[in-house]
Amino acid sequence: MIDVLKEEKKEEKTGAEVLPILPLKGTIVFPYLVVPLMIQEADQTRLVDDALMRGSRIGLFLQKDPNQENPGQDDIYTSGASGSILKMLRFPDGTVRFLIQGLSRIKIKRFTDDSPYMIAEVEETEERVEDSVKTEALQRNLIEQVKRLVGLAPYLNEEFHVSAINQDTASKLADFIASNINISVKQKQEILEEINVLKRMKLLLGYLSKELEVLELSQKIQADAASELGKSQREYILREQMKAIKRELGGGDDGSDFEEFEDRIAEAGMPEYAEQAARKELDRLSHMTPSSAEYTVSRTYLDWLTMLPWSKSTDDKLDLKSAKKILDEDHYNLEKVKDRILEHLAVRKLKSDVKGPILCFVGPPGVGKTSLGKSIARAMGREFARVSLGGMRDEAEIRGHRRTYIGSMPGRVIQSLKRCGTNNPVIMLDEIDKLGSDFRGDPSSALLEVLDPEQNDSFSDHYLEIPFDLSKVMFITTANWTGPIPHVLRDRMETIRIPGYTDLEKLRIARKHLLPKVLENHGITPSKLAINDAAIKLIIDGYSREAGVRNLERELASVTRKAARRIANGFKKKISIGAVEIPKLLGPKKFVREALTRQGKIGIVPGLAYTSVGGELLFVEATAMESNKHALTLTGQLGDIMKESTQAALSFIRSHNKELKIDTTTLDNREIHIHVPAGATPKDGPSAGITMAVALASILSDRAVKPFLAMTGEITLRGQLLPIGGLKEKLLAAYRGGIKTVILPEENRKDAAELPAEIKKAVKLKFFSEALPAVKFALVPLNGKSPTAKKRTKSKTKK
């Protein structure tokens with residue numbers, strides 16, 4: 001206080017005045033008006049005490065940020081009002097409440113002190129008053145507006161109108177009205193800073209007109225809503241009021257949201273038609289209230305539109321050597337697939353706008369179809385997404401749901417693009433042969449547009465309702481076999497078959513990929529555990545007979561876990577596992593080579609079948625019983641095609657009985673029964689025709705089938721041997737079963753060129769165009785003694 005008195009004496013000569021400065025939060029004090037204030041801060045309480053003690057005025061200035069504690073010199077406006085404290089009350093909670101009367105407009109020239117509170121040199125601002133007809137007209141207009149405002153505003157009464165009339169100057173009238181009407185604090189600060197009375201009244205008149213417009217509209221809405229909905233729906237009326245006010249003022253529910261969407265639409269790089277749809281939806285959103293159900297639907301739709309990668313792409317890695325290195329690192333062999341990817345990259349290097357290929361990997365489980373997709377994406381430098389189609393029955397999973405449904409979403413393809421963040425990822429559609437269909441639609445039909453390079457540049461999702469370009473996406477589908485895939489869908493894809501692996505290939509895969517992965521997953525280093533090739537071969541042959549390597553990996557993991565247990569118990573030396581230790585760790589063999597145990601018998605013929613899990617060795621058993629009638633019984637869950645093939649084979653054998661040395665009496669007096677194990681598994685297809693013919697010829701001529709021999713081929717009634725499919729898979733099954741010779745149709749000779757060298761070396765292939773030479777080749781010659789004949793000879797000797 002002593003400092004303030006010194007400053008006052010010092011500045012008496014200049015006409016300026018030094019006052020303590022009180023920052024105000026959300027309150028404006030106008031000259032000649034009495035305002036109640038409340039303070040809590042200790043420094044502000046001291047300021048009020050000092051001002052009361054010396055009976056001096058204080059400076060009242062608005063804070064720029066009402067939430068800021070302990071504001072500084074730069075945190076308050078420089079224009080304010082001086083005021084005199086009329087009355088003060090202290091309360092037990094430490095707050096101080098006082099009445100203050102505004103005296104004059106002042107402006108800060110400079111600050112002289114900051115402690116314990118701000119002190120500044122201020123000067124009064126002189127108002128510019130124009131006594132003119134215009135000023136008088138504005139005064140009358142303001143009073144008229146106040147009269148209308150009192151009639152509409154619930155927070156004003158008639159006394160406010162009377163007090164406004166009794167103001168003796170235009171300046172006091174403007175300040176009095178501004179202090180009491182419902183306008184923002186910043187607008188009140190603008191009125192306080194305006195020293196030209198005429199301009200001040202014009203500014204106030206604009207605010208009054210806007211407030212009157214809002215109040216009149218509110219009253220109209222309230223009347224309309226009340227008449228339509230009734231007094232019981234108060235909440236709805238309030239929402240309608242807010243909705244109408246926002247509409248009339250041209251604002252939205254949340255300005256920041258709309259600004260954000262505007263920026264996102266501008267940055268999304270949408271084509272013109274998509275941007276038009278987005279802006280139209282944004283305009284609809286601006287006229288909705290957040291509480292309505294449509295608001296959430298519209299906002300979610302805009303989120304999807306602006307987050308899709310309309311123009312964002314990743315640059316392809318066009319270095320062919322680097323791509324081949326990555327593909328070789330991840331997968332062994334599979335040269336066809338690798339060549340196709342490298343060919344696409346080569347074309348992409350020469351022509352940048354080439355459309356992405358649509359490939360279909362077909363092969364048994366566990367051969368690496370899904371992991372190959374990830375490897376391709378890594379080699380090309382693209383994002384990767386996998387969509388599982390197994391069991392999918394709803395078309396909307398592909399095309400999306402229409403926005404009329406609650407919880408609607410785009411289809412899996414659009415979701416994958418959003419997740420990847422680019423418009424040219426590698427998308428793998430897994431298990432496309434497991435698609436279903438029901439009353440909700442057929443997903444395979446929806447995929448026709450997705451997987452057609454001529455159509456997918458304008459793919460239309462039901463949720464988006466605008467086209468999206470999928471031509472840059474590289475689609476890869478996988479299937480175990482192509483049978484269930486509709487022909488029109490299969491026609492749109494480039495099929496690449498991935499057959500099973502030979503034992504030698506499995507050994508190399510286990511050595512290069514599986515074993516290092518298993519050791520890493522179990523926290524074991526190669527210095528602590530070694531599994532030799534003999535042990536791996538035994539696991540391949542006796543514990544994991546399959547087309548792929550999935551079970552092989554499981555068995556290796558089982559061996560590794562047992563070694564990990566020993567290491568965890570404190571075993572310090574390196575553990576070496578050979579073929580001798582495998583039965584101790586994994587138990588007895590799970591698989592034996594049936595061809596070795598069921599060789600060279602009458603009426604038992606090994607056939608070859610192709611299934612969704614690879615090739616299988618299938619044994620056909622035939623027996624003949626004496627009977628006074630000719631009959632053929634078929635068991636083993638055989639399909640219609642397989643039954644007809646058996647009947648054709650029987651007719652062929654009967655018509656060539658002389659060439660095959662079969663007695664006519666035997667044909668007429670025998671009831672024949674053919675059974676194909678396993679009985680619980682359904683079987684069908686024409687490729688077992690030659691197998692059935694050999695089985696019938698064997699049982700009727702009493703001749704055994706040559707050992708280690710298997711066969712496959714469709715037979716006609718006239719004895720032609722027709723080509724079959726799945727050759728490599730069938731020969732792999734023969735190789736795993738220990739077969740040494742395979743009878744094949746002549747037309748399949750061209751397919752044998754692509755067989756692995758390991759199979760060509762281990763299995764001898766015999767090609768026939770006619771069934772009769774093939775049957776003769778399969779049976780033991782007449783001068784050779786079959787096991788059954790030997791038993792008969794022994795029994796006669798005993799007798």
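Predicted model: local features only at pLDDT ≥ 70, side-chain atom pairs only at ≥ 80, totals over all residues.

Colleague: Which residue does Glu-449 form a salt bridge with?

Modeller: Arg-399. Their closest N and O atoms are 2.8 Å apart. Arg-399 lies in helix 15, residues 396-399, and Glu-449 in helix 17, residues 443-450, so the pair ties together parts that are 50 residues apart in sequence.

Colleague: And Arg-399, buried or exposed?

Modeller: Buried, because its relative accessibility is 15% and the cut-off for buried is under 20%.

Colleague: What does Glu-553 pair with?

Modeller: Lys-517, by a salt bridge with the closest N and O atoms 3.3 Å apart. Glu-553 sits in helix 21 (residues 550-568) and Lys-517 in helix 19 (residues 503-521), so this bridge ties together parts 36 residues apart in sequence. Glu-553 is partly exposed at 22%. Lys-517 is partly exposed too, at 42%.

Colleague: Where does Arg-749 find its salt-bridge partner?

Modeller: At Glu-746, with 2.8 Å between the closest N and O atoms. Arg-749 has 44% relative accessibility and counts as partly exposed. Glu-746 is partly exposed as well, with 30%.

Colleague: How many salt bridges does the structure hold?

Modeller: It holds 41.

Colleague: Switching to rings. How many aromatic pairs does the count come to?

Modeller: Four. One of them is Phe-160 with Phe-176: the ring centres are 5.1 Å apart and the planes are at 25°, so the pair is stacked.

Colleague: Where do those two sit in the chain?

Modeller: Phe-160 is in helix 4, residues 158-165, and Phe-176 is in helix 5, residues 170-180. They are 16 residues apart, and the pair links distant parts of the chain. Both Phe-160 and Phe-176 are buried.

Colleague: What about Tyr-301 and Tyr-463, stacked or edge-to-face?

Modeller: Edge-to-face, because the planes are at 65°. The ring centres are 5.8 Å apart. Tyr-301 is in helix 11 (residues 293-307), while Tyr-463 is in the loop between strand 10 (459-460) and strand 11 (467-468), so the pair ties together parts 162 residues apart in sequence. Tyr-301 and Tyr-463 are both buried.

Colleague: Which ring does the charged end of Lys-418 sit over?

Modeller: The ring of Trp-304, at 4.0 Å from its centre. There's also Arg-566, which lies over the face of Phe-571, 4.4 Å from the ring centre.

Colleague: Cys-360, buried or exposed?

Modeller: Buried, with a relative accessible area of 1%. Cys-420 is buried as well, at 12% relative accessibility.

Colleague: Last topic, the surface. Which residues form a nonpolar patch with Val-34?

Modeller: Leu-86 and Leu-99. Together the three have about 240 Å² of accessible area.

Colleague: Where is Val-34 placed?

Modeller: In strand 2, residues 34-39. Val-34 is partly exposed, with a relative accessible area of 47%. That value qualifies for a patch, because patch residues need over 30%.

Colleague: Great, thanks. That covers my list.

Terms used
Residues numbered from 1 in each chain as written. Heavy atoms only, no water. Buried < 20%, exposed > 50% of the residue type's maximum accessible area, 1.4 Å probe, protein only. Patch = residues over 30% accessible without salt bridge, like charges linked within 9 Å, V, L, I, M, F, W, Y side chains within 5 Å. Areas by Shrake-Rupley, 256 points an atom, 1.4 Å probe, with all protein chains shown as cover. Salt bridge = Lys/Arg side-chain N within 4 Å of Asp/Glu carboxyl O. Helix = DSSP H or I, 4+ residues; strand = E, 2+ residues; numbered from the N terminus. Phe/Tyr/Trp six-rings, centres within 6.5 Å; stacked < 30°, edge-to-face > 60°. Lys NZ or Arg CZ within 6 Å of the ring centre and 35° of its normal.
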